[in-house]
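Subject: Structure handover

Hello,

Please find the structure below, followed by notes on what was found in it.

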Amino acid sequence: MKSDIHPEYHEINVVMTDGTTYKTRSCYGKAGDTIRLDIDPKSHPAWTGVQRVMDTGGQVAKFNKKFAGIGARKK
């Protein structure tokens, strides 16, 4: 391997969405830096299999209200 081309590999702290922390090694930032996750395997539906409804007002309902009269033929 070539010398002086690889980034520094050091220990950092990772804070999950529920507040739990763990240490891992990474090239991110400086030694001892902290990464706070917005999405992690404990909360994301791709890993948990639980879907949460984010928009209870409904984008479809909003669309239907906005464009209700378009396309309706008057006799």
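Which residues make a nonpolar surface patch, and what is its area? The patch is made by F63, F67 and I70 and comes to about 320 Å². Patches are built from residues with over 30% relative accessible area and no salt bridge, joining like charges within 9 Å and nonpolar side chains (Val, Leu, Ile, Met, Phe, Trp, Tyr) within 5 Å. Areas come from the Shrake-Rupley method with a 1.4 Å probe, and for residues only the protein chains shown count as cover. I70 sits in the segment after α2 (59-66). I70 is exposed, at 63% relative accessibility; the classes are buried (under 20% relative accessible area), exposed (over 50%) and partly exposed (in between), with a 1.4 Å probe and protein chains only.

Some conventions before the rest. This is a predicted model, in which local features need pLDDT of at least 70 and side-chain atom pairs count only at pLDDT 80 or more, while totals for chains, interfaces and linings use all residues. Residues are numbered from 1 along each chain as its sequence is written, and side-chain values use heavy atoms, with hydrogens and water left out.

Overall make-up

The protein has two helices and three strands, and along the sequence they follow the pattern β-β-β-α-α. Helices (H or I, at least four residues) and strands (E, at least two) are DSSP runs numbered from the N terminus. Of the 75 residues in the protein, 9% are buried. The accessible surface of the protein is about 7,000 Å², and carbon and sulfur atoms hold 55% of that surface. Among contacts in the protein with a separation of 6 or more, 8% come from residues 24 or more positions apart; a contact means heavy atoms within 4.5 Å.

The sheet

The three strands form an open sheet with mixed pairing, in the order β2-β1-β3. The edge strands are β2 and β3 (34-36), each of which pairs on one side only. Neighbouring strands of this sheet are turned by 35 degrees against each other on average, direction ignored. The angles are taken between axes, which are lines fitted to C-alpha atoms (for helices over the stretch in contact), and run from 0 to 180 degrees between N-to-C directions. Two strands count as paired if DSSP finds at least two bridges between them.

- β1 and β2 are antiparallel and pair over six bridges. E11 stands opposite R25 in β2, and V15 stands opposite T21 in β2.
- β1 and β3 are parallel and pair over three bridges. V14 stands opposite I35 in β3, while V15 has R36 in β3 as its bridge partner.

The hairpin of β1 and β2 has five residues between the strands, and G19 takes a positive phi near 100 degrees there. M16 also lies in the loop between β1 and β2. M16 is buried, at 12% relative accessibility. Leaving aside residues up to four places away in sequence, M16 touches Y22, L37, D40, P41 and K42.

The salt bridge

How many salt bridges are there? The count is one, where a salt bridge is a side-chain nitrogen of Lys or Arg within 4 Å of a carboxyl oxygen of Asp or Glu. The pair is K23 and E11, at 3.9 Å from N to O. K23 belongs to strand β2 (residues 21-26) and E11 to strand β1 (residues 10-15), so the pair ties together parts that are 12 residues apart in sequence. K23 is exposed, with a relative accessible area of 57%, whereas E11 is partly exposed at 40% relative accessibility. As background, side chains of opposite charge can pair when their charged atoms come close.

A backbone detail

D4 has a phi near 65 degrees, a positive value in a residue other than glycine. D4 is placed in the segment before β1 and is exposed, with a relative accessible area of 80%.

Regards
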